[in-house]
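Work through these exercises on the pockets of a protein model. Try each task before you read its solution.

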Amino acid sequence: MTGGAGQGIPEDYLEGYGPILVAAGSTGRRLTREELLARRELGEQAAEAGFALRALVGAHLAAARAYWPENGSPDSVLAAVAQAVDAFAEGYERAQRLAVRQEAAARREFIDDLLYGRSDLGRLAERAERFGLRLSYEHAVAVAEGFVAYDEEDSVPRAVEQALIGRFGDRSVLITTKAGRLVCIAPGDQGEVLTYFAEQAHAATDGGRVAVGRPQPGVGGVVQSYEEALNVLDLADRLGMDVPVLRAAELLVYPVLTRDRQAMTELVVSALGPLEAARGGAQPLVETLNVYFEAGCVAAEAARRLSLSVRALTYRLARIHKLTGSDPADPMHRYTLQTAVIGARLMGWPEQTF
């Protein structure tokens, strides 16, 4: 049979096709169950070998011309061609769907191993090249958190990925999801990619928050940067940060402050504990201090944010001074109070007692 070979398709994938056309086209019968099964199996094999379906269909049509039975009616021959090609394409598509599922499973397994730091590092680096990453270089990770959970098949991750591809093309960037969040892994020297990802993810998630970890070297660096981004998201939740994009490099003081939890606890209790004696408890006064410091210690702006008069705010600050012995307006006292307020918010005090 020469119809397939002329189009670069091996004869193996057209095996038995000619006799089927002759028999079915001459008698008008439909293809048997065994013949259809054989066509599907050949379609699967052709897909696994990597041949294009368009070329395979073209080879079948060329073979149909070569083996057109002299005494067969056109309707019968065309019906046999349609049945044979349909069965072949069904097998081809079934093999492709299986390959896609296997590829998706392999990708998910790789991502899990990469972000959890599992598997042999050398083997993980080899697997990474299959997905466009070269883990011998520095990488940084950005994590976007929306108001709902996402997986890789959702429209939001796909839209963000398409936007990055359209802007930067292939830059060894991996977009995925993990625990319902969007994750972008990019070379550490391509900060513009993560900045654009943050912009796109913030918009696509209807105002979700994005955290960007610092670039870290090697296979383990991806895990470090990823965990750093997650910690920043957690930090933003606890501190109530209303910022769309947070960068770990700009927030290093907070992990430093909380590294020694016992020392921070002692500071909070010592500096702010006396506020619990106030009418209404410590919480309103701690919130007053927090807003006052965030407003740059400008009383008028802090009062506006708290929906208070400047006089009422001044009274609260004076009450804090009296109870704690520390004056929020005094530069020497301000640093201690502000650090204690940060610690209190990070540890949930006074709602949570020590």
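**Exercise 1.** Find which element gives the largest share of the lining of the second largest pocket.

Solution. Start with the helix α4: the largest share, five residues, comes from α4. Next, list the elements that each supply at least two residues: α4 (74-116), α6 (155-168) and β2 (174-178). Helices (H or I, at least four residues) and strands (E, at least two) are DSSP runs, numbered from the N terminus. The model is predicted: local features need pLDDT of at least 70, side-chain atom pairs count only at pLDDT 80 or more, and totals for chains, interfaces and linings use all residues. Residues are numbered from 1 along each chain as its sequence is written, and side-chain values use heavy atoms, without hydrogens and water.

**Exercise 2.** State which residues lie nearest the centre of the second largest pocket, and how the lining divides by class.

Solution. The lining has 16 residues. Nearest the centre lie Arg107, Glu152, Glu153, Glu161 and Ile175. By class, eight are nonpolar, two polar and six charged.

**Exercise 3.** Describe the lining of the largest pocket.

Solution. Count first: 21 residues line the largest pocket. Asn231, Val232, Tyr254, Pro255 and Thr258 lie nearest its centre. Two or more lining residues come from each of α8 (218-239), α9 (253-258), α10 (261-272) and α14 (331-347). Helix α8 gives the largest share, eight residues. Now sort by class: 11 nonpolar, three polar and seven charged.

Key:
On a 1 Å grid over the protein atoms alone, a cavity is a set of points where a 1.4 Å probe fits but cannot get out, and a pocket is an open set with protein on both sides within 12 Å along at least five of seven lines; lining residues have an atom within 4 Å of a point. Ala, Val, Leu, Ile, Met, Phe, Trp, Tyr, Cys and Pro count as nonpolar, Asp, Glu, Lys and Arg as charged, and the others, Gly among them, as polar.
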